[in-house]
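Colleague: Could you walk me through this model, one feature at a time? I would like the general idea first and then the case at hand.

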Amino acid sequence: MKPYVLLNSAMTVDGKIATENSSMKISCKKDLIRVHHLRKEFDAIMVGINTVLIDNPKLTIHKIEANKEENPVRIIVDSKARTPLDSLVLNNDAKTIILVSNEAPQENIDKLEKKSTVIVCGDNHVNLKEALNKLYDMGISSILLEGGSTLNFSMFKEELIDEISICIGSKILGGKKSKTFVDGEGFKQDECVKLELKGIEKIDEDVVLNYKVIYDH
Ligand SMILES: NC(=O)c1ccc[n+]([C@@H]2O[C@H](COP(=O)([O-])OP(=O)(O)OC[C@H]3O[C@@H](n4cnc5c(N)ncnc54)[C@H](OP(=O)(O)O)[C@@H]3O)[C@@H](O)[C@H]2O)c1
C-alpha cells in the first residue's frame, strides 16, 4: 500500500516552474493561500533535495492561520543526505523525514538524525516505491508532492502520482535552461502520462487545472 499523492505546482504559461538556479513567484497571492489550505489536508509534504538547496522552503502552513500541530510532516528526497543542517525544513515547526539511499555518508546521516528521522532505501537514488510503502506503514496516508521537476518525473515514472493540481500563472519565462513542470529523461510518445481533466478554476489572473492521473493497468 502507498499514500495517496497529489502533485501541486505552479508554472508559467510556457511550462516553467523556476529559472535555472533560482525560484520565482509564478502564481498570485490567492493561489499561495489555496496551497496552504491544501497543505492542511495532507499528512505530509514531499520535495526533492534541489528544491531545499535552492529555495530553502519552510514547508509549513504559514500563510493562513494554523497551529503547529496542523503542519504536515516534511519529507525530503535526498540520496546523499546533503540537506544542510541549518535549512528551514529542519526547524522545530514540524516533523521531518529525510529519505536517503545507501550512497549517503553515515556521518551525514548521524548529524541529520539529531534533527529528523532518516530512512534509508535504494542504492544510488532513493527507491521511491519502497519509500512510499514504508511511509504508509508509518501512518502517512496522503502526500502533497511539491516538486521540483526531477522528482516530479521520477514520481510519474514510478506511477506514484494520483492527482495533479497545477496553477498556471499569467507569465512567460522562456529559456532552455529554465526548469519545466516535469524534466528528467522524459517519456517516449507511447509512454506519456495520460490525464483526465477534473476541474478548472480561475483565481485572479491565474488558472488552476485539476487532473486525475490515468494508468493503463
Ligand atoms: N514552481 C513550483 O511550483 C516549484 C515547486 C518546487 C520546486 N520548484 C523549483 O524546482 C527547482 C528544483 O527542481 P530540480 O528538478 O532541480 O530538483 P528536485 O526535483 O527538487 O530534486 C531532485 C533531486 O532529488 C534527488 N533524488 C533522490 N532520489 C531521487 C529519485 N528517485 N528521483 C528523483 N530525484 C531523486 C536527486 O538528488 P540526489 O541524487 O543528490 O539525491 C535529484 O537531483 C528549484 O529551482 C525550485 O525553485 C518550483
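Predicted model: local features only at pLDDT ≥ 70, side-chain atom pairs only at ≥ 80, totals over all residues.

Colleague: Where is the place of Ser79, and which residues does Ser79 touch?

Modeller: Ser79 has its place in the loop between β4 (73-77) and β5 (96-100). Helices (H or I, at least four residues) and strands (E, at least two) are DSSP runs, numbered from the N terminus. Contact means heavy atoms within 4.5 Å. Not counting residues up to four places away in sequence, Ser79 touches Leu99, Val100, Ser101, Glu103, Ala104, Asn124, His125 and Val126.

Colleague: And Asp78, which residue's side chain does it join in a polar contact?

Modeller: A polar contact is a pair of N or O atoms within 3.5 Å; within protein, one must be able to donate a hydrogen and the other to accept it, and residues adjacent in sequence count only if both atoms are side-chain atoms. Here the side chains of Asp78 and Thr83 are joined by a polar contact of 2.6 Å. Asp78 also lies in the loop between β4 and β5 and is buried, with a relative accessible area of 0%. Although 48 residues separate Asp78 and Val126 along the chain, their C-alpha atoms are 7.2 Å apart.

Colleague: What does Met46 touch?

Modeller: Met46 is in strand β3 and counts as buried at 0% relative accessibility. Beyond four places in sequence, its contacts include Ile75, Leu99, Leu135, Ile143 and Met155. Met46 and Ile76 are 30 residues apart in sequence and 5.9 Å apart in space, C-alpha to C-alpha.

Colleague: Why do the buried residues of α4 line one face of the helix?

Modeller: The buried residues in α4 (residues 128-137) are Leu128, Ala131, Leu132 and Leu135. Seen down the helix axis, they fall within an arc of 95°, so they line one face of α4; the arc is that of the directions from the helix axis to the C-beta atoms. At the N-terminal end, Asn127 caps α4, with a side-chain oxygen 3.3 Å from the backbone nitrogen of Lys129. After α4 comes Gly139, with a positive phi near 100°.

Colleague: Which residues lie closest to the centre of the largest pocket?

Modeller: Rolling a probe the size of a water molecule over the atoms shows where empty space is left. On a 1 Å grid over the protein atoms alone, a pocket is an open set of points where a 1.4 Å probe fits, with protein on both sides within 12 Å along at least five of seven lines; lining residues have an atom within 4 Å of a point. Grid points are joined across faces, edges and corners, and a volume is the space filled by probe spheres set on the points. The largest pocket holds about 1500 Å³ of space. Of its 50 lining residues, Thr51, Asp55, Glu146, Gly147 and Gly148 are the closest to the centre.

Colleague: What is the peptide bond from Gly147 to Gly148 like, cis or trans?

Modeller: That bond is cis, with omega near -5°. Gly148 is found in the loop between β7 (142-145) and α5.

How values were computed. Residues numbered from 1 in each chain as written. Heavy atoms only, no water. Buried < 20%, exposed > 50% of the residue type's maximum accessible area, 1.4 Å probe, protein only.
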